[in-house]
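Student: Could we go through this structure together? I would like to learn where the labels come from.

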Amino acid sequence: MPGAVTIHEVGPRDGLQNEPTVLDTPAKLRLIEALAGTGLGRIEVTSFVSPKWIPALADADEVARHVQAARGVAFSALVPNARGLERALSAGVSEVAVVVSASETHNRRNLNKTTGETMSHLGEIVAHALAHSMRVRGYVSTVWGCPYEGEVDPRRALGLARELADMGVHEISLGDTIGVGTVSQTRSILEMFLAELEPGRLALHMHDTRGTALANVLQGLEMGITTFDASVGGLGGCPYAPGAPGNLATEDLVHMLHGMGLETGVDLSRLVDAARLAESLVGHELPGKVHDLTPGRARSQWPPAAR
Ligand code: HMG
Ligand code: MG
């Protein structure tokens with residue numbers, strides 16, 4: 001087991017992109033500020049996507065401009081294409097993430113391109129971002145399964161990860177986009193990846209649709225993975241992956257890791273407060289399970305007290 005774990009918070013991006021309630025910019029900034037105050041070292045704050053595709057993140061430029069690199073937090077944003085990268089550069093973002101899916105149909109639905117077209121486009125985007133001294137993360141989605149095609153051959157995902165690594169991304173986040181992964185599947189996928197890539201180059205991005213995310217994280221930890229993506233309160237999913245609600249909740253992840261004696265740098269009590277804030281901002285209960293740190297109490301009352 002590692003001594004310390006890095007958490008990549010994706011709530012303001014992966015969470016809010018899929019929320020029926022569209023938060024206004026000040027509300028998003030309030031949530032990001034609360035997350036930054038928990039000790040989280042990385043927060044993916046938005047996505048420079050087409051507002052026609054993801055209306056909830058139409059204010060990406062404003063959000064990115066307002067967040068400050070305070071308290072050692074690395075703020076990043078997803079960019080699906082060259083236009084997105086230009087917007088991120090203008091907004092002063094220094095870390096971006098690019099995405100490709102391991103399954104052809106999900107890639108087409110998500111990005112309106114074949115995976116081949118996406119990869120050649122990403123080659124240009126990543127080179128351009130690196131030339132501007134940005135750090136670039138690569139997501140490979142639908143590694144554990146696709147909402148349209150079902151099973152996905154992990155060798156497809158590995159081929160894409162290899163190409164992304166060669167482009168110079170610092171980390172590849174493997175996505176269980178629809179939360180279908182089982183522990184044995186995670187073990188065999190990681191065995192395949194770790195034969196070629198260092199564990200420090202990989203992150204796991206587990207959705208918790210079927211309650212298996214933490215079990216898969218544990219499997220990853222045992223195999224040397226030390227970076228995990230999570231979303232405050234369990235906000236989110238992927239709008240182009242039907243049936244993918246609920247990223248792994250950050251507070252559930254931190255609770256498990258701290259219980260195992262692993263350091264995250266996160267103050268769980270503040271994180272739980274941030275999850276309650278997220279609930280009050282979106283106006284409904286979120287699926288995260290760690291809601292109350294009082295011994296014997298699992299969940300405070302819904303709706304939360306007014307703030
Ligand atoms: P397209 O329709 O092929 O794009 O979509 P286009 O180049 O033909 O442009 C269409 C219109 O959008 C044009 O406007 C462009 O200017 C505009 P019009 O001329 O019609 O007025 N446009 C943009 N505007 C602002 N910013 C941009 C931009 N790009 C085009 N960046 C496109 C292609 C990539 C734009 C579209 O498919 C898209 O936005 N897709 C993003 C979908 C998305 O965000 N999905 C969720 C993120 S991935 C995810 O959640 C998975 C992950 O969490 C990991 C996991 O769980 O596995 C990462
Ligand atoms: Mg996701």
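**Reading the labels**

Tutor: Gladly! Just after α9, G224 has a positive phi of about 100°. This is a predicted model, in which local features need pLDDT of at least 70 and side-chain atom pairs count only at pLDDT 80 or more, while totals for chains, interfaces and linings use all residues. Residues are numbered from 1 along each chain as its sequence is written, chains are lettered from A and ligands numbered from 1 in the order in which they are written, and side-chain values use heavy atoms, with hydrogens and water left out.

Student: What makes S47 buried?

Tutor: Buried means under 20% relative accessible area, exposed over 50%, and partly exposed in between (1.4 Å probe, protein chains only). S47 has a relative accessible area of 1%, so S47 is buried. S47 lies in strand β2, residues 42-47; strands are DSSP runs of E with at least two residues, helices are runs of H or I with at least four, and both are numbered from the N terminus.

Student: Which residues does S47 contact?

Tutor: Contact means heavy atoms within 4.5 Å. Leaving aside neighbours within four places in sequence, S47 contacts R13, L57, A60 and L78. The C-alpha atoms of S47 and T264, by comparison, are separated by 25 Å.

Student: Why is S76 called buried?

Tutor: S76 has a relative accessible area of 5%, so S76 is buried. S76 sits in strand β3, residues 74-78. Among the residues S76 touches, not counting those up to four places away in sequence, are H8, I43 and E95.

Student: What makes D229 buried?

Tutor: The relative accessibility of D229 is 2%, so D229 counts as buried. D229 is found in strand β8.

Student: With which side chains does the side chain of D229 make a polar contact?

Tutor: A polar contact is a pair of N or O atoms within 3.5 Å; within protein, one must be able to donate a hydrogen and the other to accept it, and residues adjacent in sequence count only if both atoms are side-chain atoms. The side chain of D229 makes one with the side chain of R137 at 2.8 Å, and one with the side chain of S173 at 2.8 Å.

Student: What coordinates the magnesium ion (ligand 2)?

Tutor: Donors are N, O and S atoms within 2.8 Å of the metal (3.2 Å for Na, K and Ca), and water is not among the atoms, so sites may look incomplete. D14 (OD), H205 (NE2) and H207 (NE2) coordinate the magnesium ion at 2.1 to 2.4 Å. Along the chain, the donors follow the spacing D-x190-H-x1-H. D14 lies in helix α1 and H207 in the loop between β7 and α9, so the pair ties together parts that are 193 residues apart in sequence. Both D14 and H207 are buried.

Student: Which side chains have an N or O atom by an oxygen atom of ligand 1?

Tutor: R13 has a side-chain N or O atom 3.0 Å from an oxygen atom of ligand 1, and W53 has one at 3.4 Å. H205 also places a polar side-chain atom 3.0 Å from an oxygen atom of ligand 1.

Student: Which element gives the largest share of the shell around ligand 1?

Tutor: That is α4, with three residues.
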